[in-house]
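Dear colleague,

Please find below the structure that I am handing over to you. My notes on what was found in it follow directly after.

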Amino acid sequence: SVFIPGGLDCSISFVSRVLGKVCIHGRQKEILGVLVPRLTDLTKSDCIWQRICWRLVECVPDRWMEAVVLGFVQRAPGTDALSRLLGNLVVKNKKAQFVVTQKMLLLQYGHTTAVLQNLLGYLSLDSLRRTLLLRVLQELLETWSSSSAVKHSPAEQQLYISKAILICLSHLKEPEIESCRQDLLTSMMEGVKCHLDSSLPQLRRLGMVVAEAISLKINTEGPVLKFEYEEDDETRELKSLLVQTPSFCVAPSLPDDDRSEKAGVAPPLVLESNEKSHTEAPVIPDEESDAELDSDDDLIPYDMSEDKELKIKAPVYIRDCIEVLTGSRPEDVDKWEATVKALESLVWKNPAATREVSVELAKILLHLEEKTCIEGFVELRQRAQVAVLTTDPIPVATYLTSQFYSLNYSLRQRMDILDVLVLAAQELSCPKFHGKTKHSVVQKPCIPLLPGSDSSKDWRRIVDERIKSKTRRFDMGHSRVELASHPNEFSSVAGYFFFPLIQHFDRPLTTFDLLGEDHLVLGRLVHTLAILMYLAVNTVAVTAMGKALLEFVWALRFHTDSYVRQGLLSCISSLLLSVPMERILADMTEELLETQSWLGDVMEKDPDGDCRRLALQNLLLMENLKKKLETVPS
């Protein structure tokens, strides 16, 4: 302790300036790593030291205030300690208030969850600071519910803002909730809409979690909002933030404890019912005993252990399948189910018969709805569609691509068309032999486009593999065994899959607007075109496809949806890997230079991290292919 004899006044502004100067020059860790623990101990029980500490930070000049405040927030061992160290600094100093309520929450997003809990907990511990907490929550909700912010902010910042909102909600008291209930409801409705409109599953899930938390706070007695989504570590961490913890760190076991509590509550209910069934059975009044004896409980059950389920014979001809699938008699439900399960194998076994009715069968399958609860119905229908399209590619592909831009189709059906085109193109480019014993086994696609999957992640893996195959290396160890080669059947039909899809994307229909609100389907379309381009390597039409695809990418390069931009960058990767570099330089020189400049801008300025990474990968691939071309002897 320091004693000043004689009751003399003293100023610590010089120490404040030294502290600010040291922090702003990059020695924040060294000085505050020693100072903060010491001051934390001294201010626990000594109000004089609390006043000294408050004066110390208040006298820091504004130009150095940010570094000092940030250091204290990051290193304080809890919200109580931070409150003792800073006092009401954010109320007295405008610069500190800006740093705490604006910069650290809305302009930065690299701080840990512990720092966020420290910061917002500090605002909640004093009545003067609680007004700032409510203002911060309002501004966070405005950002969270802004469609522009959702479109142009990186996913990491969206997660950061969502965490801050949940922590603020955990500190609200009932009178405060009552005073801002309507504002919370309005922000919840606007925010959940713009999050659910996003093409990225992570952002949609964030919107659901935050909306559930707000609904739980404003509807304490009535029904609350509830979404269906798959929980992961991120969502469990977000939900745990609604529960206040004594320290600034969220204990990692909280979500597990929560689960164990729920798991621990359920079994007693079952045990209790079992106990009741055992204990209450003997206690029967005398007058009811006769009725009990007259019941059916004393009848001996039939022995049905050797009974076998009657199997409905599935059709053996394609035309019989069509009759069953288009029939409407209720007694044919079992036969309908057997037909759906057997259709794919019948198509592979009878290619000639399938070609006679291929378009009709494709139409039936596209509109087929589930009559009964069949396990894996969507997959069975999709595999049958792929089999039909692979067996008779040209007419079926022409039909499906024409229906993609037709009226009176749901978005789900349009995305089903894209999925089937991709899977059939992969089947044709890497043909498999469907023998009599293995006709029903279809290999899983390398690039799934099913609901909930993120094809951009698969594209990164595919592109990485192709880049490795095009890069010269020395001394790579044992040579790999050559795989059996098969003709690429997709080469002669690639144009029928590709060009109709790329023709009418800019023509809005009454119920379908790719360039408007249906950007999710646009993202799927862009990724589909990238995959078709990739599978068309070494085909005759690959150069024409590449040129058309480059024009398509150029028209959409400034799209606001990050999923669409990721697909556009995947298109560039496919083009560079599939079209010979000589043809690119000969036929698309100007477009290539413009694309290179655009990729540079994306790499530096795009808010989405995946887009920046894909742009960098494309630039490196472009340089590698150019160098390779220069080293080839003419």
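**Findings**

H559 is buried, with a relative accessible area of 15%; buried means under 20% relative accessible area, exposed over 50% and partly exposed in between, with a 1.4 Å probe and protein chains only. This residue, H559, is found in the loop between α27 (542-556) and α28 (562-578). Not counting residues up to four places away in sequence, H559 touches H519, L522, V564 and R565, where contact means heavy atoms within 4.5 Å.

Please note that this is a predicted model, in which local features need pLDDT of at least 70 and side-chain atom pairs count only at pLDDT 80 or more, while totals for chains, interfaces and linings use all residues. Residues are numbered from 1 along each chain as its sequence is written, and side-chain values use heavy atoms, with hydrogens and water left out.

As to the overall fold, the protein chain has 31 helices and zero strands; helices (H or I, at least four residues) and strands (E, at least two) are DSSP runs, numbered from the N terminus. Of its 634 residues, 46% count as buried. Among contacts with a separation of 6 or more, 74% come from residues 24 or more positions apart.

Helix α3 has 14 residues and reaches 20 Å from its first C-alpha to its last, close to the 20 Å expected at 1.5 Å a residue; the expected span is 1.5 Å times one less than the number of residues. Helix α6 (residues 94-107) spans only 17 Å between its end C-alpha atoms, whereas a straight helix of 14 residues would span 20 Å. A kink of about 30° in α6 is centred on V100, the bend at a residue being the angle between axes fitted to the seven residues ending there and the seven starting there. At the start of α6, a side-chain oxygen of N93 comes within 2.9 Å of the backbone nitrogen of K95.

The buried residues of α6 are A96, Q97, V99, V100, T101, M104, L105 and L106. Their cover includes α3 (62-75), α5 (89-92), α7 (113-124), α8 (127-144) and α10 (155-171). In α3, the buried residues include W64, M65, F72 and V73, and what covers the buried residues of α3 includes α1 (13-42), α2 (47-58) and α6.

Y122 lies in helix α7 and is buried, with a relative accessible area of 1%. Leaving aside neighbours within four places in sequence, its contacts include L82, L86, G87, V90 and R129. The C-alpha atoms of Y122 and G87 are separated by 9.1 Å, although the two residues are 35 apart along the chain.

A search of the whole structure finds five aromatic pairs; rings of Phe, Tyr and Trp (its six-membered ring) pair if their centres lie within 6.5 Å, with planes under 30 degrees apart counted as stacked, over 60 as edge-to-face and the rest as tilted. One of them, W336 with F377, is stacked, at 6.0 Å centre to centre and 25° between the planes. W336 lies in helix α18 (residues 333-349) and F377 in helix α21 (residues 377-391), so the pair ties together parts that are 41 residues apart in sequence. Both W336 and F377 are buried. The pair of F490 and F497 is edge-to-face, at 5.3 Å centre to centre and 80° between the planes.

Technical notes: Polar contact = N/O pair within 3.5 Å; in protein donor to acceptor, adjacent residues only side chain to side chain.
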